[in-house]
Amino acid sequence: MRASLFIACFNDTFFPQTGRAVVRLLRRLGVEIAFDERQTCCGQMHANSGYRPEAWHQAERFLRLYAEADHVVIPSTSCTAMIREQYPALFTSFGSESQKRELAALLPRVFELSEFLIDKLGSEDVGAYFPHRVAYHASCHGLRALHLGNRPHRLLAKVRGLELVAIPNAERCCGFGGTFAVKNAEVSSAMLTAKLQDVLSTRAEICTSLDNSCLMHIGGALHRQYAGMAVMHLAEILACTETSLAEAAP
Amino acid sequence: MSGPILDPRYALPFAEAALPVLRNAQLRKNVAHAMDTIQAKRARLVAEKSDWQALRDSASAIRGHVLENLPGYLEQFEARCAAQGGIVHWAADAAEARAIALRILVEEKADSVVKVKSMTTAEIQLNADLERHGIAVFETDLAEIILQLGHEEPSHIVVPALHVNRSQIREIFAREMGLPHLSDEPRALAEAARIFLRRKFLSSPAAISGANFLIAETGAVAVVESEGNGRMCLTLPKTLITIAGIEKVLPRFGDLEVFLQLLARSATGERMNPYTSLWTGVTPGDGPQRFHIILLDNGRSSILARPGERQTLKCIRCAACMNACPVYRQTGGHAYGSVYPGPIGAILTPQLMGMQYARSLPFASTLCGACYEVCPVKINIPQVLVELRAEIVAQQEQSIGGILERLVMRFTGYLFRDERRFRAAQAVLRLFARLVTKRDGWIHALPAMGAKWTQTRDLVGPPPQSFRMWWQDNEASKMTKER
């Protein structure tokens, strides 16, 4: 099995350990992994902020780079949702007929990480070991755009040593929303406070998610408040084994 | 102190209008409590419908079909309603609708009017206009009475007084109804309202209502409500004026089967709303003897002309979207500066105002999708929000913030178009980040717009080695060696 990793621009810049964990994890599962260094960004920020021509350039770039890929794996729910939900409309507005056909052919081969593990590789037990109490934060895009359902929970349930605890009101947004967190910073903070109450009530050591943008938000507040809870992308947990501990484990 | 302004022409931008609300502990508690209660009831009743998703599909298809064929259905409704003795008026905008209503009331020599709870009349600011012309207006929905007597603004489209506490209601009723010894028991408050209202019902020569549905097939009008006060208004006065948006029409009487199941469950978490009133024109000797219906455009046909946003008009005003919205949950309705708050308000208000006002509203969302998930007519609100954002950006706002944002977005777009530029930008970012990153690797304070982030959260600093640098150093070179 071969897969091309689309890392996402903010993972590349701010959370490279997530990308390294994906490489480690997928190699362990026998996947031959490629990384096209021409990749930059999926265009989500531009699309969601109303800058469609800029987003279109990124969409077109994505298609150009991955049209021939066997599988594309993305450790970000919101970037995967951007590609799956918004690219078709962008290609309808700006693309040619042949590009539209190429996109339609590519989309079924684009996977969010947990989708790739469970739906494509069929592995719930990825052989991970992580002896910590962990709370799973379901990102909005994972929940309502990708409909990941219990895939992340099934993966975590098979991690040796891991104690999974549920976050109350799990379906509620953390208040990040991209530029929303700056444009409506106070409302965003109020939403984050509510989310932190629920997250902290779990008394977990780690809050994990399939999206580092939520974790940047939640983790930023946990750090500010000396809350004593860390955040880690789910890939980093799954990459851990008895002999190979997480780079960022507590 | 001035209260909230629910007129998009004068309201503050959402982020500013939200500030006082975020500090209002009572309002925050009331909103969260009301949302939890309604959502729990809704979830229970939705779960018992095995065909819920099929109902949503039907409702969405019917409303979509109506919007594709609106002129024909409106003309059919007009003909059937007129044939049954109804008098049909058309109003292009709010001012025309108000003028028609006023003219009818003046002709009827009505010096007072009772009202059924109606969003459409709130949208056109009817009450203030009638009162300016010497007509006393009495709201009859319990929550609307509280707001009217207390000079409060609605903060929700179904439960508009949720921000007012029981003790405040007691205070308002005691003062306005002359009942100094009134207790704050719900029973006593309801009884006071009942006595107050009976006099109005029996003495008012005219009533004004909105409409939940207009039936093209029969010319019937439907109003759903919980208290029965609407039924009083719809049956006792001699003259009835109904003001309805042109999008409210349904093709057939049988379509109500779908919508009545969805509406009550979505709006109040009930299997069936307690009162459903249906009438067709005028029935001699029974109910109002003169029935006028004003069909209001007020920006709706311009929404209809936008293919991407047209679905906005599918809305049946159930408020499920605001009940589910994590933004509304924190701010309540007043921050939206419109009688239509929440996710539906964020897409409806700017469009009704011709995209000239309420331009902060499409950005007052994290695009979390909770609204779309619960919407009984499947309006893809996040998608419409994004469409509206693109339109607002295209307007090229000439404020400093607007110009700066365009520069940043265009420039980042330029950077993302080439991997060498992107790699260079990452390097520059790391360089600048070093100036603000503390020894623990975290940024505690950012300058300029970044301060909006660091006012409540830290930001992890970018590590010295990006993923692509790591790949280049460890993997790419390895592969070359292997070759």
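This is a predicted model: local features need pLDDT of at least 70, side-chain atom pairs count only at pLDDT 80 or more; totals for chains, interfaces and linings use all residues.
Start by selecting Lys109(B), which sits in the loop between α5 (94-107) and β2 (112-115) of chain B; helices (H or I, at least four residues) and strands (E, at least two) are DSSP runs, numbered from the N terminus. Lys109(B) is not a glycine, yet its phi is positive, about 55°.

Residues are numbered from 1 along each chain as its sequence is written, and chains are lettered from A and ligands numbered from 1 in the order in which they are written.

Next, select Arg317(B), in the loop between α13 (300-304) and α14 (320-324) of chain B. Here too phi is positive, about 60°, in a residue that is not a glycine. Arg317(B) is partly exposed, with 19 other C-beta atoms within 10 Å.

Now go to Gly345(B) in helix α16 (residues 342-352) of chain B. Is Gly345(B) buried or exposed? It is buried, because 27 C-beta neighbours lie inside 10 Å. Beyond neighbours within four places in sequence, Gly345(B) is in contact (C-beta atoms, placed from the backbone, within 7 Å) with Tyr336(B), Ser338(B), Tyr340(B) and Leu361(B).

For a helix pair, show α9 (residues 166-177) and α10 (residues 186-203) of chain B, whose axes come within 11 Å and cross at roughly 30°. The axes are lines fitted to C-alpha atoms over the stretch in contact, and angles run from 0 to 180 degrees between N-to-C directions. Show side chains for Ile169(B), Arg170(B), Phe173(B) and Met177(B) in α9(B), which meet Leu189(B), Ala192(B) and Phe196(B) in α10(B).

Finally, bring up both chains: the contact takes 50 residues from chain B and 50 residues from chain A. On the chain B side, elements that each supply at least two residues include α1 (14-22), α19 (400-416), α20 (419-436) and α22 (467-482).

Conventions: A residue is buried if 20 or more other C-beta atoms lie within 10 Å of its own, exposed if 12 or fewer, and partly exposed in between; C-beta atoms are placed from the backbone. Two residues are in contact if their C-beta atoms, placed from the backbone, lie within 7 Å.
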